[in-house]
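Keep the picture open while you read.

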Amino acid sequence: MELHGPEAVIKIQEDYTGIEGLCKRLKTSPTEGLSGDRNDLDKRKEIYGENLIPPKKPKTFLQLVWEALQDVTLIILELAALISLGLSFYHPPGESIGEACVVVGGGVEDEGEADAGWIEGVAILLSVVCVVLVTAFNDWSKEKQFRGLQSRIEQEQKFQVVRGSQVIQLPVSDILVGDIAQIKYGDLLPADGVLIQGNDLQIDESSLTGESDHVKKCVERDPMLLSGTHVMEGSGRMLVTAVGVNSQTGIIMTLLVAGPEEEEKKQKKGGAVKDGHQKTECSHPPIHPIATIATDGAAGINAPGSASLINGKMQDGNMESNQIKVKKQDGAAAMEMQPLKSAEGGESDEKEKKKVHSSKKEKSVLQGKLTKLAVQIGKAGLLMAAVTVIILVLYFAIDNFVLQKNPWMPECTPIYIQYFVKFFIIGVTVLVVAVPEGLPLAVTISLAYSVKKMMKDNNLVRHLDACETMGNATAICSDKTGTLTTNRMTAVQFYIGDKHYKEIPDPGVLPPKSLDILVNSISINSAYTSKILPPDKEGGLPKQVGNKTECGLLGLVLDLKRDYQPIRNQIPEDKLYKVYTFNSVRKSMSTVIKLSDGSFRMYSKGASEIVLKKCSHILNEVGEARVFRPRDKDEVVKKVIEPMACEGLRTICVAYRDFSGDPEPSWDDESNILNDLTAITVVGIEDPVRPEVPDAILKCQRAGITVRMVTGDNINTARAIAIKCGIIRPGEDFLCIDGKEFNRRIRNEKGEVEQERLDKVWPKLRVLARSSPTDKHTLVKGIIDSTATEQRQVVAVTGDGTNDGPALKKADVGFAMGIAGTDVAKEASDIILTDDNFSSIVKAVMWGRNVYDSISKFLQFQLTVNIVAVIVAFTGACITQDSPLKAVQMLWVNLIMDTFASLALATEPPTESLLMRKPYGRNKPLISSTMTKNILGHGIYQLILIFTLLFAGEKIFDIDSGRNAPLHAPPSEHYTIIFNTFVMMQLFNEINARKIHGERNVFDGIFRNPIFCTIVFGTFALQIVIVQLGGKPFSCQPLNLEKWMWCIFFGLGELVWGQVICSVPNSKLRFLRRAGQLTRKDELPEEDPNDDNDEIDHAEREMRRGQILWFRGLNRIQTQIRVVNAFRSSLYEGLEKPDSRSSIHNFMTHPEFRIEDSTPDIPLIDDTDDDSARRRKFSSQPSSPNKNNNAIDSGINLTIDTSKSAASSGPASPLHSLETSL
């Protein structure tokens, strides 16, 4: 496969005496394909391999445990527990000294209690083990889920192959060497092969060669086809010669896997721990970055991932900016093969290293807000923890050495240290409770759960955050054919022989000459892969295979009592002289055949107004050609085409032209060839609106989402369908225009698109007809970049053709069609609609909003617990020298509120009511005023109760006070009641947290979520076990039934109190409304876009200031999300939504939407925001040329220097994993 062009032809000729010889050697037939015999297929698998690239091994459970142990706060707790354990075995010589050492704190413990000193240390270690196991198990199950999702996505990808003379659809992984594959426009080649027969075939090989011009392929000059390249035009058949690891892509993939691992070994040998944060940063590498593409990979190809840890940071195999572009699609993974510099570790330059590991990825809006919030909470927690420890130590020192005037005795040192360790453990516990590790876990669980459920709703999510972005969508630009309509075309009217038939007539009334030419024209001038098969079920509709418009025309042939198959058998595909395939520029398809007398005939079909313009003759009522004058054309347009279009029919004109054989015409001179035609007929094809679409569009409009139709069809057809769907309603103020008018309105005299002009058009635009892919991209980009509205628009786009790629990529969420979509469209998308149905998009919106709500529910719950636990531990420690909630108890509370609650609250199913409100928008604070009210209200209730119990509990229950207990005192009933009441209040508050919009009925739909019920009851049962049997390790004294009842009663008070809080109007609470809001300042770190600065996200910037070095414990947060990496490392070239061109004109020259390596610095996310008021305020900041703010911009400016970033600066980074480093 190394040879190309004429050299390859010569090589095949020399070694195999041509392609026929090659087929013989591979024991296959160029027309009939492989026999399909089981033994033969198995033997081929054995000899030539399967079309799979073996997956990288998943992380084992032990590896995940090890990674969970890297959490800094846990490490500190472990150390403190070990010190405490060691000291508990130390007994100072002589009893009297021990007593003399410490006089503070109500006497010294007796013998038995001193022996039990080790219990606390062991208990802390055990609870750390428990936290670690739970975390590791969560990660493991998520990883398993994503792998399942992966293989499901990969099985979706099918390819047409000829076996035993039958054309069948095979999963890409089943393609074998010797298969004859049928390739067509929009395919991504699944294996390497040699072209046997081709029509006008053009391939985009830029993914392998970096060469952006399309390569023309033909049997005589250049028959070599490589896996992973795109078919941009034409069709043909190829003989598969290499699959899986032996194909061009497979070879590169194998290199890629080897590269980073070598690097890792080298790193280990050199002991390169250059980065001080080795431990903390060790977040998961993406599991198998390439494979995860999910889109269209072959079954089970969880292709090898390549991720190595360099200096403990991630190097995602996003090798250098000369994008090794991995497109694992069709099972084969093609890559953009350019120097494998950093992959082989060749560049040891420090700067390169730095680039490699600080490749920060774009974050979704939600993650941006959460990162910021987590950092804020973590800082507060750190501060409280430090102050707690300092106060405890000072209080102890002053009380002992100043007030009691005790001398410091050397033999007492261990006892003093024991006290200090105890204080330190209390401080660390406060921090553990304060740091919300559950936040990212909740996001991940919620997204993973949603993605799994969305599969059932026909949404195959390829990039996790697309699911959440969909919840914020404000506009949907939808295709018409197949999405809003059923994509089942039927010819219902036609105009032939100067007569307009409103229904298909009996063939006897038509002129026989015209009928023959019409039948021949339709049969020959359509892809031979389009055909009509008998129905699957008795009495069903015939099955349409291939291009649906062609099927509509073939259906017309059958309705006229003729058959197309005998004509095709007479003129097989390889006898076609020349084919001009359909593309978005021509809007027509033409096929030339050589007649028996040596002359040529060309059949043409296409969009009626375009083909009619090229006609100079038309067949009359007897089937003779007569002159077709301009005024006749106008009449046909007015009397035939427009009435058809107004009924919502798609109009197709069929024509032909004869050429003399001597001299042979110059077939490359398209403008002359496709002219001077003779019109045969104009056919009106109906594509009915899907029955569920009008209802779905109504739901969207209620939910505050504007639906726009962007179609290549005639303006009248488009308008008729838009009215049927409910996109436009009589009496509304809206625009329906075609591409020409659209361009006239938005471009200035120089022909450049102006945002101001676009802003006048798009708000009212509802239908854009006869639009080109460029128009679609311009519209999407214009809406996204617009600052005309208060909230920046979040745009979803649907597409199915190769030419929709740019718009799908540009959109905040791109939906590709699973059935009608080409591989290229699927690869550019974020979500694949497996049933091509618009109503599935509405489900995606519902799930997206549900993710946002789930996170808010969890936040509301988590923050209440955080605030209460931290304040109780802090004030308790300051007043009584001991935290009322012990370290082990705090860890248990942390487990309930972090891990369990995130599971319970993140898995709430969505309800229709989610669609009854407007989108949240990008700038809405994460914590709404209602949530703030709930958090503060419940916090106050819990604090009042706990402090009442702490300082007056012994009087209320008539028990001994637990305050000022000595060092190893046995657990007291007093403190057990406080702990138990605290947990009960959290349990009942978890039920309150289910509602975040101020609803009164918190039990509404609670039984629809079995996970929630299980977790609440499970936690309650465990709490009973801990209190009654926990004893010394949990510092619990068993309680009798009466005290239990009191604890539960205090807990139930939460539900009543919740109703009281609901009654307080929000208007009274103007303060504290901006928590977690992305402010303009965060969105734009003040750096020059072309600066050499690495991209550092918010949390990282805070850390760099050295304020909270070990706050990197939040690294656990990274760990939680790292599984997502696996999923997101997309094939998808590039950062999630690259702004792939600085202007739309460059686009015209590159319809294949690639960025050349030579492109200068293109900011990947331009750093301007939507808020015009803020824009004025921050006018001092550098603003990028095209005022674009991307959908998932977490508010962090990601302008990366193209020439240096290893995170692939163009849209060509395949291994694009989501790294959320918090």
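Predicted model: local features only at pLDDT ≥ 70, side-chain atom pairs only at ≥ 80, totals over all residues.

**On the surface**

With that in hand, find Phe 61, Val 129, Leu 133, Phe 137 and Trp 140, which make a nonpolar surface patch of about 440 Å². Helix H8 (residues 118-155) gives the largest share of that patch, with four residues. Leu 133 is in helix H8, and its relative accessible area of 39% makes Leu 133 partly exposed.

**Inside the cores**

In soluble globular proteins, nonpolar side chains tend to be buried together. Which residues touch the most other members of the largest nonpolar core? They are Ile 124, Met 470, Ile 727, Phe 815, Phe 838, Leu 859 and Phe 979, in a core of 148 residues. Helix H30 (residues 838-880) gives the most to this core: 20 residues.

Take Ile 124 as an example. Skip its neighbours within four places in sequence, and you'll find Ile 124 in contact with Leu 77, Ala 81, Ile 425, Ala 887, Val 888 and Leu 891. There's also a second, separate core of 35 residues, with Leu 554, Val 557, Met 589 and Tyr 656 among them.

**A strand with partners on both sides**

Now look for strand S19 (residues 588-594). Why is S19 described as largely enclosed by the rest of the structure? Because six of its seven residues are buried, where buried means under 20% relative accessible area.

S19 pairs with strand S18 (residues 578-580) in the antiparallel sense, over three bridges. In that pairing, Thr 591 of S19 is the bridge partner of Val 579. S19 also pairs with strand S20 (residues 600-607), again in the antiparallel sense, this time over seven bridges. Here Val 592 stands opposite Met 602 in S20. The hairpin of S19 and S20 has five residues between the strands, and Gly 598 takes a positive phi near 90° there.

**Loops worth a stop**

Val 622 sits in the loop between strand S21 (615-619) and strand S22 (625-627). Along the chain, Val 622 and Pro 511 are 111 residues apart, yet 5.2 Å separates their C-alpha atoms. Leaving out residues up to four places away in sequence, Val 622 touches Pro 511 and Lys 513.

Next come some backbone angles. Most residues other than glycine have a negative phi, and most peptide bonds are trans.

| Residue | Phi |
|---|---|
| Lys 561 | near 60° |
| Asp 836 | about 55° |

Are these residues buried or exposed? Lys 561 is exposed, at a relative accessible area of 62%, while Asp 836 is buried, at 4%. As for where they are, Lys 561 lies in the loop between helix H18 (548-559) and helix H19 (565-570), and Asp 836 is in the loop between strand S30 (831-833) and H30.

One last stop is a peptide bond. Asp 662 and Pro 663 are joined by a cis peptide bond, with omega about -5°. You'll find Pro 663 in the loop between strand S23 (649-659) and helix H22 (670-673).

Conventions. Residues numbered from 1 in each chain as written. Heavy atoms only, no water. Buried < 20%, exposed > 50% of the residue type's maximum accessible area, 1.4 Å probe, protein only. Helix = DSSP H or I, 4+ residues; strand = E, 2+ residues; numbered from the N terminus. Pairing = 2+ DSSP bridges. Core = buried A, V, L, I, M, F, W, Y, C linked by side-chain atoms within 4.5 Å. Contact = heavy atoms within 4.5 Å. Patch = residues over 30% accessible without salt bridge, like charges linked within 9 Å, V, L, I, M, F, W, Y side chains within 5 Å. Areas by Shrake-Rupley, 256 points an atom, 1.4 Å probe, with all protein chains shown as cover. Salt bridge = Lys/Arg side-chain N within 4 Å of Asp/Glu carboxyl O.
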